[in-house]
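The text below walks through a structure, from its backbone elements to its local details. Please keep the sequence and the coordinates open while reading.

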Amino acid sequence: MQSKLLLFLTLFGGLSTICRPLNAHHGSASYKTDKVVVMKQATVTKFVWANPHSILLFDVKDKHGNTAHWAGEAGSPSAIRLLGWNKNSLQAGDVITVQLYPSKFESNVGRLEEVVLADGTTLKDSPRGDRGVLSRY
Amino acid sequence: MRNLFQCCVVSLAGALVASSLAFAQSSPKPNFGGPEDLYEKLGDTGSGGPTPRRDLTGFWAGKVAAKLNAVPSMTPWGQEQFRLHKSNGEYPVADSNDPIKGCDPLGFPRNMLFMTRGIVFTTMPGKTIEMSEYNRIWREIWTDGRELPKNVGGRSADAPDPRWYGYSVGHWEGDYTFVVNTVGSDERTWLDNAGHPHSIELRVEERYTRVNHNHLEVTIKIDDPKAYTQPFVITKSEFTWIPEQDFEEELCVPSEQAEYLKLVAEPAAHSKSK
């Protein structure tokens, strides 16, 4: 039985090694690609319509009433314009719900998944050019 | 022996199942908001009518990034350059040394492999001009029969300097294929997003075939004996005629990129050695 377990672990270890290059992109991203954080009642402080990335700055209060400052990145204007965004989609003071993939390193930064405005309008981030990897564009 | 074989099969199957489960858990949810570029949004536009003869003039939509073939073995020089390149795919943006991190030019041929959402062709006497939506750059493709320069980057006084977008000449093969040959691309540019290098010896052949009014195909062949052990076709990509003959302004703006690095990329990153 012990030898079978050893064989299993050897095979599994071998497969993991073979598979590693395929997942290389995931391992190098700055963000937790398996975790979407949802933040409600966030307040926009600034929206930067910029190349190669648009940047959303917003504040969120925790359960103790402390304000945390966050930054979320989205695709380029060329990419997210196709999804209904424009330079004035978000303005300081807007109250929104934000979904984002947070940084692996506990900083208040993330790649946006979507933003929902007070009127229910949903603005999604651009699809990733590499179909699933959180790339830059 | 039979038991051992059965164990192998069961273990392999188990490992594959475990592997796929792990992958499913670590993948982001596939929540794509819509088309990733105008090419995808336009979809099937049909042939668009008769194919113009010896004419690529107009605005064309392409993919954000061309699908690339694997590169062949690199020479020792190529391997060393590649080792020094820290790509955005492998490293957090803040830790990479991709030239475009600071909005440096993509250069040629990388500009035909990445950020290819839009290209434009027009003609002038003796030359075809090819322009890109990204950073609004252009290339002159001489069609007056001149030869390519032979000593780009040489030390003699008459040697042309390397250029971000090289030196190009073009000619028609038949009525529907425009062939462009380019030399002299600056070695500071990367071949692709993975950080594969090229040398000043790089020679590139692009073959633009107008399939019909609405569709254009381009095949790009790389020949760089200093960096690669053999020539290779790096991509065959497609472009679609843009009905409105217009596209977005898309510039990498250094001040905006600096703000992005400060507010997002650097806080999100960590350092690691290659």
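Helices (H or I, at least four residues) and strands (E, at least two) are DSSP runs, numbered from the N terminus. In those terms, Q41(A) belongs to strand β1 of chain A.

This is a predicted model, in which local features need pLDDT of at least 70 and side-chain atom pairs count only at pLDDT 80 or more, while totals for chains, interfaces and linings use all residues. Residues are numbered from 1 along each chain as its sequence is written, and chains are lettered from A and ligands numbered from 1 in the order in which they are written.

The confidence values come next. For the complex, the predictor gives an ipTM of 0.73 and a pTM of 0.80. pLDDT is the predictor's confidence in each residue, from 0 to 100. Chain B has a mean pLDDT of 88, with 86% of its residues at 70 or more. Over residues 1–32 of chain B, pLDDT stays under 50. Two residues are in contact if their C-beta atoms, placed from the backbone, lie within 7 Å; for residues 1–32 of chain B, the model has 28 contacts beyond four places in sequence.

Chain A contains 3 helices and 6 strands. Read from the N terminus, its elements follow the order α-α-β-β-β-α-β-β-β. Of the contacts in chain A between residues at least 6 apart in sequence, 57% join residues at least 24 apart.

Burial is counted from neighbours: a residue is buried if 20 or more other C-beta atoms lie within 10 Å of its own, exposed if 12 or fewer, and partly exposed in between, with C-beta atoms placed from the backbone. Chain A has 137 residues, and 39% of them are buried. A79(A) sits in helix α3 of chain A, which spans residues 77–80. A79(A) is buried because 29 other C-beta atoms lie within 10 Å. V115(A) lies 36 residues from A79(A) along the chain, and the C-alpha atoms of the two are separated by 16 Å.

Which backbone angle sets Q41(A) apart as a residue that is not a glycine? Q41(A) has a positive phi of about 55°. Q41(A) has 11 C-beta neighbours inside 10 Å, so it counts as exposed. Further along chain A, the peptide bond from N51(A) to P52(A) is cis, with omega near -5°. P52(A) is placed in the loop between β1 (37–48) and β2 (54–61) of chain A.

The loop between α3 and β2 of chain B holds C103(B), a residue other than glycine whose phi is positive, near 70°. C103(B) counts as partly exposed because it has 18 C-beta neighbours inside 10 Å. The peptide bond from F108(B) to P109(B) is cis, with omega near 15°, and P109(B) lies in the loop between α3 (76–84) and β2 (118–124) of chain B.

The strands of chain B remain. Two strands pair if DSSP finds at least two bridges between them. A closed barrel of 9 strands in chain B runs β1-β2-β3-β4-β5-β6-β7-β8-β9, with mixed pairing. From one strand to the next, the twist averages 30°, where axes are lines fitted to C-alpha atoms, for helices over the stretch in contact, and angles run from 0 to 180 degrees between N-to-C directions. Strands β6 (residues 177–183) and β7 (residues 203–212) of chain B run antiparallel and are joined by 7 bridges. T182(B) has V204(B) in β7(B) as its bridge partner.
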